[in-house]
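Me: I'm new to looking at protein models. Could you walk me through one, step by step?

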Amino acid sequence: MTRHFLSLSDVGGDALAAILGDAMDRKAARRGLPKGQPDADAPLKGRVLAMVFEKNSTRTRVSFDIGIRQLGGSGIVLDAGTTQLGRGETIADTARVLSRMADAIMLRTDDHAKLEELAHYASVPVINGLTDLSHPCQIVADLQTLLEHGKALPGLEVAWLGDGNNVLNSFVEAAGLMKFNVRIGVPEGYDSDPAFIAAARAGGARIDTYRNAADAVRGADVVVTDTWISMGQAHAEAKLAAMTPFQVNSALMAEAKPDAVLLHCLPAHRGEEVTDEVLDGPQSVVWDEAENRIHAQKSILRWAFGQI
C-alpha cells in the first residue's frame, strides 16, 4: 500500500516518534561531512523525487533537494509557472504522469484538496510540502529541534502567538499524537481550525485559547510564532492591528519559563510578530529549526518508502 504523508495523523504517534529518532540519528552520523555528500548507506540510491511548487519556497525547496541527495537519490523541481501545471493540465493527469517518471512527489500548494486529489491518483508516495490547511513537515523539524534542546514532548507546554494558520493546525495535530499541550494566544476571529483542536483533545492534549498574550505564554516551555500575513494574502491593515498585542518581545518571553525556547518556521517579518532582540537572542533556536528541515524531510522520505 502506498504511503502518503499528507498529515501527521497519516503517520500516527508511534511512527512519528520513530521518524524523529531516525532524523536525530542520521543528523549525528553526518556530523562534519560536506552537505552534498551522500549518507554512508545511501538508502534511497537511484530514487527520484519530483518537487512541485505552486507556492514560493526557500526552506522546503532546499531541504528536500539536499535531503534526497544525502539519501543517495536525486530531485527535480517543477514550478507551476514553467510547466503544464500552470497551463491547465488536470491534477489527476499530473499524478499519473509523475508516478511513471518519479518515485515520489512532494507538493507545495494552496488548496489542500489539490494535495488529496494528487495522492488519490498517484501510485507513488505523495508528501505535503505545505497547504493552506497544514504544514506537517515543518512540525517534524520543530519537534526534532525541541528534543535536541532537552524538551521531552509528553506534558510539554507550548504557547502559540499570532495567527491561527496552517502551521498552528499541524502543531495542534502533533499535540494530540505526542501528548503535549498548546496554549493558543490569538485575537478573536483568527482562531485555529476547530476540527484540529477537537481531534487533539480527543487524543488527550489540552488545547486552550487565550485572547491575552501574557496569559498564553505564562509558564510555557516553548513559545512559537509565525508571520501574521500568510503567503498569498493581501497586506491587511486590520489584521496587523489585531495581531500587534501578540508580538513576541522580551517582555512577553519573560512570562515563559526561564529555560523556554523560541520557534519560528521563517521567514520572519522582523519587528512585526517577533523582535530582533528575541529572534537573535539566546532563547531562539530558529536556526537549528531551519537546518532540521533537511533531517526531518529525509526521515519523512524514508518512512514514505517503508524504511521506517
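**Reading packed helices and cores**

Reply: Gladly! Keep in mind that this is a predicted model.

Me: Where does glutamine 297 lie, and is glutamine 297 buried or exposed?

Reply: Glutamine 297 belongs to helix H13. Its relative accessible area is 0%, so glutamine 297 counts as buried. Glycine 67 is 230 residues away from glutamine 297 in sequence, yet their C-alpha atoms are 6.4 Å apart in space.

Me: How do I read two packed helices?

Reply: Two packed helices are described by the angle between their axes and the distance between the axes. Here, helix H3 (residues 59–70) packs with helix H13 (residues 286–304) at about 55°, and the axes are 8 Å apart. That angle is why H3 is called oblique to H13. Their crossing is right-handed.

Me: Which residues of H3 and H13 meet?

Reply: On the H3 side they include Ser63, Phe64 and Gly67, and on the H13 side Ala290, Ile294 and Gln297 are among them. Sorted by class, this contact of H3 with H13 has six nonpolar, five polar and three charged residues.

Me: And which residues touch the most other members in the largest nonpolar core?

Reply: Leu143 and Phe180 do, in a core of 55 residues. Helix H7 (residues 166–178) gives the most to this core, with seven residues. Another core, of 18 residues, lies apart from it, and Val223 and Met253 are among its members.

Note on methods
Residues are numbered from 1 along each chain as its sequence is written. This is a predicted model: local features need pLDDT of at least 70, side-chain atom pairs count only at pLDDT 80 or more; totals for chains, interfaces and linings use all residues. Side-chain values use heavy atoms; hydrogens and water are left out. A nonpolar core is a set of buried Ala, Val, Leu, Ile, Met, Phe, Trp, Tyr and Cys residues joined through side-chain atoms within 4.5 Å. Buried means under 20% relative accessible area, exposed over 50%, partly exposed in between (1.4 Å probe, protein chains only). Helices (H or I, at least four residues) and strands (E, at least two) are DSSP runs, numbered from the N terminus. Axes are lines fitted to C-alpha atoms, for helices over the stretch in contact, and angles run from 0 to 180 degrees between N-to-C directions. Angles under 35 degrees count as roughly parallel, over 145 as roughly antiparallel, 65 to 115 as roughly perpendicular and the rest as oblique. A crossing is left-handed if the near helix is turned anticlockwise from the far one by less than a right angle, and right-handed if clockwise. Contact means heavy atoms within 4.5 Å. Ala, Val, Leu, Ile, Met, Phe, Trp, Tyr, Cys and Pro count as nonpolar, Asp, Glu, Lys and Arg as charged, and the others, Gly among them, as polar.
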